[in-house]
Amino acid sequence: MSKAATKAGPTAGSKPARARAGRPHAAWALPGVLFFAFFAIVPMALAFYLSFTEWDGLGDPRPVGLDNWSRLLDDPRLTQSLWLTVLLTVCSWLFQTVVSLLLGVWAAGKQRNRAVLSAIFFVPLLLSSTAVAVLFYALLDPNFGIIQKDTLGSSSGAFLAIVFVGGWQFMPLHTLIYQGGARQIPAVLYQAAAIDGAGRYRQFFSITLPQLRHTITTSSVLIVVGSLTYFETVLILTKGGPGTDTAILPYLMYEAGFKSYDFGYASAIASFLVVAATGLSLLLVRLTGFGSMRSTREGM
Amino acid sequence: MGYTSNGGRSFSRRWVLGAGATTLLTTGLSACGSGGGSGSGGSTLTAFVYGDDAVKVQQAAVDRFNTSAAAKKAGGKIKLERIPGSDYSPKLRTAMGSPGAPDVFFNWGGGSIKPYVEAGKLIDLTDVIENDEVLKKGFLPSVLAAGDLKGRHYGVPMRGMQPVILFYNKSVFAEHKLQPPTTWDQLLDINAKLKRAGITPFALGGSDIWPELMWLEYLVDRIGGEKVFRRIQDGDAEGWGDPAVLKAAEMVRELVDDGAFGSKFTSVSYVNGGAPAVFAKGKAAMHLMGSWEYSTQLGKFPDFAKKELGWAPFPKIEGGSGDARNVVGNPTNYWSINARVRNKDAAIAFLKECASRTYARDLVANGDVPTTSNAALLLGDAPNPEYARFQYQMVEEAPAFTLSWDQALGDELGTKMHTEIGKLFAGKSSPGEFVAACKGLK
């Protein structure tokens, strides 16, 4: 996403000659491209190749054609996983977007206490996902934690815990994005609206929200793709349980690969995830008109 | 994961990255090494070992061996590589697929080595053991057999025994005038009395699943005998259809529905100390757990371990055809030899060290109960001789010692079976569905 955005940005409307003079040579991108190729493209291609083989980590991978993929289609756990992943994505999106949008818009104000509070809100993002999950695991301990209930042992409790912990950790980032977005909105719009007699809520729904629509897209793509690859929290909090009720796709992949040593099947799940995540983010961008890069300031 | 005292096999992303890097490094390094030419100063064999507290016993054995006449005769030495417990299985798996593979390595026998055997990476030790007096007579036969794969030996016992034992809280039992159960009816009776008194009868670390597995292992064994699981272990998935499995699953559901494990067990873990704490603090009266529960409690709640911790065998089940003396758990751990070992004679000479009296004595001093046939004589020196003798007798008299199912089935099947057991205990599947799902595992 970010690559597309940076590429589209500076070229728009600039003269070719000036662009050539003012921009660095393409070779400058080489280290970055190589790094990306070696650590992202090559492993991805390798995983795709492995998805057509049977490999237990010992000896050589044995080609099995489409076996893993047809297994994937027949696997009832995949259906459940897919549904859980979609549900998790939707719930995370709703929870994180609503809360961080409100927090971000609020934090875009200028009073001093807001700055201090914003800094405090930012703290969870500085912790590693593993540390956050371990922390919440201790807090949710049914016998010695703060909520002495079987939270992680019930399907809905475990699921909501994952949504909440993920939200707690990543909302600061989205709050920051919304804060930045909200600060970009020209004050004249609000002044004009105030003259016309618009109240706080009217201003929020008629100015702030429409002005933030690209920000919402950016943040949403991050949340959606993030939720699709959500892993550590599930591993530490629930291990996919109770039963298989929180075994989302990345966890299923981990289990197949690093617990069952069924790397072929795990690679098929991984490849499926890559395709799904890419498709979904493209779709989001297309639907929201983000790709056309129309400014929110048009007509101003 | 089987019942390793440190529990789960969870490992972080950092581990995965680390393993990748390690593999690259070891691959690269050994590639350089082979160019340099070995042979100067004899061969040094590497041995991978599970790196917990007990490793000092193996280190001492290595040190002894390296200066022994046997090592000189075979022209080889051993270098021990300790691998942190939770990383052991995946690390071994990556190493065995690379040129940096160990010559000798620690394992759980049975299914835990099956992929290696099938890939032709292990030396079949059956003839070696049969033709060697020291190895043949050195170990308890049930223990030696438990690590077998289709009747062939691939490993030599090298650590203490880890039978699953029914632990109980002596003061809770005394307060409510209870005796440890010897029959299933007594167990149900105690269960009812404890519940009336507001005490959870059994602690259970359900979120790890392997503590739940222990219940099924004993129930199936007591109901149908050891042959039920033996058939499954030998690759016949139809074995899950044995009536004993269904009956055991139904008994599990009855216990769960009855509240025998309390209402929160699915989110309690053994690994993080949850279940042992529930037990030690008297919130639960009993705990079905591997023999390491004693040392776990001794570390976390020493007073409880010394004064209140009681132990008993799993009760017999009326009408069951299994021998009530049968034991489940981890008979012990084994050393196996890589088929591409650099010096086979030296490796075998080293394995003989594990049958020695000095080695057994070291294990005893460390709180372990050795699986050597001479161990009984040494148990007086154990930190708790009474407990050590109980364990030794339990295993020595056992007609069969069934290896933890997950270890016996290997990682792939074991993981899938864990999922089904988790669902059964959490009430996500019925006993009938459990059996059907297990029959479909492959």
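User: How many residues does the contact take from chain A and from chain B?

Analyst: Contact means heavy atoms within 4.5 Å. By that rule, chain A gives 32 residues and chain B gives 37 residues. This is a predicted model: local features need pLDDT of at least 70, side-chain atom pairs count only at pLDDT 80 or more, and totals for chains, interfaces and linings use all residues. Residues are numbered from 1 along each chain as its sequence is written, chains are lettered from A in the order in which they are written, and side-chain values use heavy atoms, with hydrogens and water left out.

User: What area is buried between chain A and chain B?

Analyst: The size of an interface is often given as the accessible area lost when the parts come together. Buried area uses a 1.4 Å probe and is summed over both parts. Here the value is about 2,800 Å², and carbon and sulfur atoms give 56% of that. On the chain A side, A:Leu58, A:Phe144 and A:Tyr261 lose the most area to chain B, together 23% of what that side buries.

User: How many salt bridges does the rule find across the interface?

Analyst: A salt bridge is a side-chain nitrogen of Lys or Arg within 4 Å of a carboxyl oxygen of Asp or Glu. The rule finds two between chain A and chain B. B:Lys428 forms a salt bridge with A:Asp245, and their closest N and O atoms are 2.8 Å apart.

Definitions and conventions:
Buried area = accessible area lost by both parts, 1.4 Å probe.
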